[in-house]
Amino acid sequence: MDNKEQIKQILLDGFIEVENGNELENDTPLISSGILDSISILQLIDTLEKTFEIGFEAHEIDRDKFDSIDLINQLIVDKKQ
Amino acid sequence: MFFETINKHITPNNSDIAIYDSELNSYTYTQLYDEINQIEKLYKTQNIQKGNLVILNFDKSFVGLAHLLCCLKMGVIYIPIDNNTPKNRLDKIIASSKANAIINNDFSIRFLNSAPNYMDNEACCVLYTSGSSGTPKGVVTSKKGLASFINWSSKEFKITPKDILTNYAPFHFDLSTFDVFAGLKNGASTWLIDNKLSSNFRLLGEHIKELNPTVWYATPTVYNLIKQYGNLNQINQPRLALFAGEVYNTKELNSLRNIWNNTTFYNLYGPTETNVCTYYKLPKKIEDRTTNYPIGIACPYSKILVTNSDELLISGETLMLSYLNEPSLTKEKIITTNGKKWFKSGDIVELKNDLIYYKARNDRMIKKNGYRIELFEIENELSNHPDINQVACIFKNNKIIAFYSGNKCSNITLKIYSNNQLIKYMIPDDFFHLTELPVNSNGKIDYAQLIQYL
């Protein structure tokens, strides 16, 4: 599974209820669209840190940077480098 | 005038810090004095006058606060709103308030209505809250009421120039009146926490460590999140933690009190329509109890009454003047008995040993994470969706669930639609499609049966 598929799986497992996983696309806005609420975002960040073995600094947690699977993937790629 | 209650320290020569912003920049009382005067000049050239209604549609900042204070100084009635309010909801507030002007995030002024507004001279500001009729309603707060609350709370909580108060609640929540006005009145410093910082609890934790605020006033949800994400054991304890807005589960409260073991805790209670009207100081010793703490006793400026049906009625100086431009709703909620006006809170309470305990609601208003929500407002907005015939919302396990009939839609589509119509905290957590919604023998939606579907 690549990063994006893994992020999508995390979202579908614990954060977004859809009948058909295809409804959630890599560029679907997650936060600005209201799909994730502010408390879910905190939990999502915790899960991402554990799954990808990375850590976000407090000032790096900017909601706009977590707004889609594509953007989250970019953050993880940058972190891993 | 309410401004005279709080402006003693806002002078040309006071180098004490009045405000910290979300980046922890500090501003002195003199800077605040100058900023207010500059804005006053601007308002005067733009013909904004005493008695006008002005919507403040911006996030928290030093300049934003100076705008609000300038309104108070000039007798302009301000309406603070969430600057992320969807356009549809904002339009409703503009139309129903008949406001004269709106000040946007960049502090530009847009004029709306040149007709003079005949506002009660006693009116100070209007706080919009979720409306059971399906549209938001504006609570008109009086200058006298706000002064009573600020005078009492300053004394009860012994606010001094040494204090740093946190202002977590947005300006459109009555909670924020304490942080800002009690801070300024007593020459203390107030830390303005804006939208972005208020949802980044890790950064909030780091800032708390740097600033060491002494007084907190927030909802239990916020305290729980700070506890979970803010590394509380690394920071100094505040001397005072006030909570309100929802019931604080005693087990959760005690787990915070075990960390903040030198902090004095108060439970404050009061709907927006009356601001704080009862209070309860928690005993110093952490008790081994499973039941919730009481909401306490009436504040000295309040009178309370419990009806035969256990509803709490509230009277006194902080009672709102009216719901803005809603005379029939005002009449329905404020009743007059023995020459006194009473607000029907809709809260069911119990009196035990002279202390009031909150039990439940007598209507469909809910509290989610401290936010007050009328489920009917959500139903009303969702029923405008082209694919939806009927909607019914229920609230269970801290989740709003919307059942609907009509054409089946994807949950993502419905979330996005809700986000365009409703304020973020009102967006349902889940959607369920049903061929038909269940009705009872009176032909009304059977909410009890809906719960069975979960």
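Me: How many salt bridges does the rule find across the interface of chain B and chain A?

Reply: Four salt bridges are found there, and over all chains the structure holds 20. This is a predicted model, in which local features need pLDDT of at least 70 and side-chain atom pairs count only at pLDDT 80 or more, while totals for chains, interfaces and linings use all residues. Side-chain values use heavy atoms, with hydrogens and water left out; residues are numbered from 1 along each chain as its sequence is written, and chains are lettered from A and ligands numbered from 1 in the order in which they are written.

Me: What makes the meeting of Asp46(A) and Arg202(B) a salt bridge?

Reply: The rule asks for a side-chain nitrogen of Lys or Arg within 4 Å of a carboxyl oxygen of Asp or Glu. Asp46(A) and Arg202(B) meet at 3.2 Å, N to O, so the pair qualifies.

Me: How do you know how much of each chain takes part in this interface, and what area is buried between chain B and chain A?

Reply: Contact means heavy atoms within 4.5 Å. By that rule, 24 residues of chain B are in contact with 27 residues of chain A. Buried area is the accessible area (1.4 Å probe) that two parts lose on being put together, summed over both. Here that comes to about 2000 Å², of which carbon and sulfur atoms give 53%. Arg202(B), Tyr229(B) and Ile412(B) supply 31% of the area that chain B buries against chain A, more than any other three residues.

Me: Why does the pair of Lys368(B) and Asp429(B) tie together separate parts of the sequence?

Reply: The side chains of Lys368(B) and Asp429(B) meet in a salt bridge at 3.0 Å, N to O. Lys368(B) lies in strand S22 and Asp429(B) in the loop between helix H13 (411-421) and S26, so the bridge joins parts that are 61 residues apart in sequence. At 6%, Lys368(B) is buried; Asp429(B), at 16%, is buried too.

Me: How do you know whether Cys71(B) is in a disulfide or in none?

Reply: A disulfide is a pair of cysteine sulfur atoms within 2.5 Å. The structure holds zero disulfides over all chains. For Cys71(B), the nearest cysteine sulfur is that of Cys70(B), 6.1 Å away, so Cys71(B) is in no disulfide. Cys71(B) is buried, with 0% relative accessible area, and Cys409(B) is buried at 12%.

Me: What makes Phe432(B), Ile451(B) and Leu454(B) a patch on the surface?

Reply: Patches are made of residues with over 30% relative accessible area and no salt bridge; like charges are joined within 9 Å, nonpolar side chains (Val, Leu, Ile, Met, Phe, Trp, Tyr) within 5 Å. Accessible areas come from the Shrake-Rupley method with a 1.4 Å probe, and for residues only the protein chains shown count as cover. Phe432(B), Ile451(B) and Leu454(B) form a nonpolar patch with about 230 Å² of accessible area together. Take Leu454(B), in the segment after helix H14 (447-452) of chain B: its relative accessibility is 46%, so it counts as partly exposed.

Technical notes:
Helices (H or I, at least four residues) and strands (E, at least two) are DSSP runs, numbered from the N terminus. Buried means under 20% relative accessible area, exposed over 50%, partly exposed in between (1.4 Å probe, protein chains only).
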